[in-house]
Amino acid sequence: MVTLGKAELILTHGKFHTVDRSNPVAEAVAIRDGKFVAVGTLAEAMEYHCDGTKVIDLKGHTAVPGLNDSHLHLIRGGLNYNLELRWEGVPSVADALRMLKEQALRTPSPQWVRVVGGWTEFQFAERRMPTLDEINEAAPDTPVFVLHLYDRALLNRAALKVVGYTKETPNPPGGEIQRDSNGNPTGLLIARPNAMILYATLAKGPKLPLEQQINSTRQFMRELNRLGLTSAIDAGGGFQNYPGDYEVIAELHQKKQMTLRIAYNLFTQRPGHELEDFEKWTDMLTPGQGSDYFRHNGAGEMLVFSAADFEDFLEPRPDLAPGMEDELERVVRHLVEHRWPFRLHATYDESISRMLDVFEKVNRDIPFNGLHWFFDHAETVTQRNIDRIKELGGGIAVQHRMAFQGEYFAERYGIEATRHTPPVQKMLETGVPVGLGTDATRVASYNPWTALYWLVSGRTVGGMQMYGRQCPP
């Protein structure tokens, strides 16, 4: 046998889905310098075998490349992972309540039971959410906070007492504290139209001490590894301040305990002071600074608070503030001048149109000239704006939020609109780079296979057929 050069690794007797229609499944692969040099039969792979080549017999198991999540709130999610009860895949309200009761019994004071993301009422056999009475019965004494998508949160009586919401507590801007006939809070918090009341209430809960935050983050990374993830782009997040809330991940990196490669974006936290944040950060960091395991990636997904169009499909589409363009222009101009890549949260085409007006204006003065930038989400982006994104050299990162909110979207905007939300096929046909992610952990599941199943099959987690949606092969 003539060898074609040494391979460091050969995997044999496996199932490799190649995404090559002419050769869809292979039984063996050979790898050299991190690249496939043979994908095919056992004999073809073994031509690269030499002394020192490691050979692993997969015994019929399937092997997949390490997955990348292009939009994950991993750093924030890791700090709280050990605190959370996850309802991913739980089949019924009865099962969810049983889990809640068991978790309450083993939760030490003063910690809360937190169910934060990864589930939808449509996954349950009952096709409904748990009621406040059911939650209070399951956990009468331990504070419980249950977040449902971007639209509401359920607090039991113990949690209401801890956070201090009373008859006299006013509704915050953009949110509602539901009250009974006597004016007392019931425990239901509603986002109208934005989720700040939900996240601000969650932030009132106690944090883990530093050493337990480190353990929590390691457990979360291990769970993501178990699901096939080897890298992720961290999209920042509300109540995630830099550099303070990055202490844990920085320590793990320093100690070489990272099991995921992370590129992180910086997310402004101060409405009205966003430019000051980015001016400070561009003096502190340069894009790419760090290592292969932990490096800085740019700005976003929040650039200015006035440009945030919240994606609660139970509520009408929000109009962005009249002064959004001026605020966004100042930040984008600063980022482009400093050659900082950026990403921007945008749900609706109407918002994207106004944002692109700003980008095109800045580009006329300071050419983007290959600077990496993209929109996150873009559920209702039109072909016209996809073309504009391509012209400016941008991309789009899509997530499977519709797998959790598709029923609400269809009810508000109709079945025909649901077929094209988001229009991934049009993005790909236009030649715009597209990334897939989960947007976990506060709404969607962090399971990348849920996102892949949604994209390829066109079905939601809740079971609603996505009405013949055309997906990329």
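**View 1. Strands β4 and β5 pair in the antiparallel sense.** In this predicted model, strand β4 covers residues 28-32 and is joined to β5 over 5 bridges. One of the residues involved is Ala30, whose bridge partner in β5 is Ala38. In general, the strands of a sheet pair through backbone hydrogen bonds, either parallel or antiparallel.

**View 2. An open sheet is formed by 4 strands.** The strand order is β5-β4-β1-β6, and the pairing is mixed. The edges are taken by β5 (35-40) and β6 (54-57). Each edge strand has a single partner strand, so one side of each is left without a neighbour in the sheet. On average, neighbouring strands of this sheet are turned by 15° against each other, direction ignored.

**View 3. Leu252 lies in helix α8.** The helix spans residues 247-254. Leu252 has 1% relative accessibility and therefore counts as buried, the cut-off being under 20%. Leaving aside neighbours within four places in sequence, Leu252 is in contact with Ile214, Thr217, Arg218, Met221, Gln257 and Met258. Ile214 is 38 residues away from Leu252 along the chain, yet their C-alpha atoms are separated by 7.4 Å.

**View 4. Glu121 sits in a loop between β8 and α4.** Because its relative accessibility is 12%, Glu121 counts as buried. The side chain of Glu121 makes a polar contact with the side chain of His148, at 3.5 Å. Not counting residues up to four places away in sequence, Glu121 touches His148 as well as Arg127, Arg128, Met129, Arg152 and Tyr408.

Definitions and conventions. Residues are numbered from 1 along each chain as its sequence is written. This is a predicted model: local features need pLDDT of at least 70, side-chain atom pairs count only at pLDDT 80 or more; totals for chains, interfaces and linings use all residues. Side-chain values use heavy atoms; hydrogens and water are left out. Helices (H or I, at least four residues) and strands (E, at least two) are DSSP runs, numbered from the N terminus. Buried means under 20% relative accessible area, exposed over 50%, partly exposed in between (1.4 Å probe, protein chains only). Contact means heavy atoms within 4.5 Å. Two strands pair if DSSP finds at least two bridges between them. Axes are lines fitted to C-alpha atoms, for helices over the stretch in contact, and angles run from 0 to 180 degrees between N-to-C directions. A polar contact is a pair of N or O atoms within 3.5 Å; within protein, one must be able to donate a hydrogen and the other to accept it, and residues adjacent in sequence count only if both atoms are side-chain atoms.
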